[in-house]
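Please walk through this model with a focus on charged side chains and helix packing.

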Amino acid sequence: MTVRWGLIGASTIAKQFMIEAIRAQADAEVAAVMSSSPERAEAYARENGIPAAVSALDALLSTNIDAVYISTTNELHLEQGLAAIEAGKHVLCEKPLALTSADARKMVAAAKKAGIVFGTNHHLRNAGAHRAMREAIAADRIGKPIAARVFHSVYLPENLQGWRIARPEAGGGVVLDITVHDADTLRFVLGDDPVEISAFTQSAGMAGGGLEDGAMCVWRFKSGVIAQSHEGFTTKFAGTGFEVHGSEGSLIATNVMTQKPVGSVLLRTASGEEELSFDREDLYTRSLRQFHAAIRDEGQPSATGEDGIWSLAAAEAALLSAKTGKTVSIDPKLGSGN
């Protein structure tokens, strides 16, 4: 069966990564794109070789499609996701799933009730580097994990700034854009869940409207692991990385918090240093393959709806911590502060 995809949102991320990833599957095609602007929808379809362009959600959902990829601004995800589920379409949604974890839970519950495959587009867990780290930890190559550090402060390019730095009502700010990814990647690599967070945020000159363009977080996980993460839109020369330190060794990954299959992972133990090998498959291509397998009832999306709830609950807790100056508990079933 060919899975026919509809794009909800004529977005940069879909153009740069998702359209190609869909077309890389043997059993998929991009059938239609929706933008609230008819002109933008038509131009986007023409530029990307998409057969149909529409400007209303109902029009997209009434076309002959099987699944949707949602990459609109964050405040639209809930309504669009619920409508797609009601129409019987499988849903792959950008993070954060909604503006609140309560709304995210509504979407995930609706998909489960309808028998719809629902995934969160947390691309980083598809990176070979992060899977190599996860496997090394699971194989006890660093002993008992003790602490982790994530370096994920970047410079947001001008073409992506827009609503992310100017519209609180759209779910802008670095926490809902990047901290959600760090929450998911930490959970995935460590195989552990965060239970509380303490966060500071800043506005370093890029963001307006009361939004934050930088954050530093300290996390505590169920196992007792503590972690640091730094997220930002304003650091042009920082580089990215991910370290996990255990009782018997350390994993030191460089240039891995990225959409591209690049970077390196070094294992350092008493025996010396070893650079781990890992596949360099495109992250989005792997994500789509997993999603299609889930449609065939042969597994689940690489990041499920539940994973999306977890990351959003963590981001909510980070924002609440920054606002109150207090450590905040993380509970995906209850939301922040419980």
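The count comes to 20 salt bridges, a salt bridge being a side-chain nitrogen of Lys or Arg within 4 Å of a carboxyl oxygen of Asp or Glu. This is a predicted model, in which local features need pLDDT of at least 70, side-chain atom pairs count only at pLDDT 80 or more, and totals for chains, interfaces and linings use all residues. Residues are numbered from 1 along each chain as its sequence is written, and side-chain values use heavy atoms, with hydrogens and water left out.

Take Asp-307 and Arg-125. Their side chains form a salt bridge at 3.4 Å, N to O. Asp-307 sits in helix 10, while Arg-125 sits in the loop between strand 6 (118–120) and helix 6 (128–138), so the pair ties together parts 182 residues apart in sequence. Helices here are DSSP runs of H or I with at least four residues, strands are runs of E with at least two, and both are numbered from the N terminus. Both Asp-307 and Arg-125 are buried. Buried means under 20% relative accessible area, exposed means over 50%, and partly exposed lies in between (1.4 Å probe, protein chains only).

Next, Asp-193 pairs with Arg-187. The salt bridge spans 2.8 Å, N to O. Asp-193 and Arg-187 are both buried.

Glu-196 and Arg-220 form another salt bridge, with the closest N and O atoms 2.9 Å apart. This pair links distant parts of the chain: Glu-196 belongs to strand 8 (residues 194–202) and Arg-220 to strand 9 (residues 214–221), 24 residues apart. Glu-196 is partly exposed at 27% relative accessible area. Arg-220 is also partly exposed, at 40%. Salt bridges with shared partners join Arg-125, Asp-184, Arg-187, Asp-193, Lys-222 and Asp-307 into one network.

Helix 10 also packs against a helix. Its residues are 305–324, and its axis comes within 9 Å of that of helix 5 (residues 101–114), crossing at roughly 175 degrees. Axes are lines fitted to C-alpha atoms, for helices over the stretch in contact, and angles run from 0 to 180 degrees between N-to-C directions. Helix 5 and helix 10 are therefore roughly antiparallel, a term for angles over 145 degrees. In helix 5, Ser-101, Ala-104, Arg-105 and Val-108 make the contact; in helix 10, the partners are Gly-305, Glu-306, Ile-309, Leu-312, Ala-313 and Glu-316. Contact means heavy atoms within 4.5 Å.

Conventions
Angles under 35 degrees count as roughly parallel, over 145 as roughly antiparallel, 65 to 115 as roughly perpendicular and the rest as oblique.
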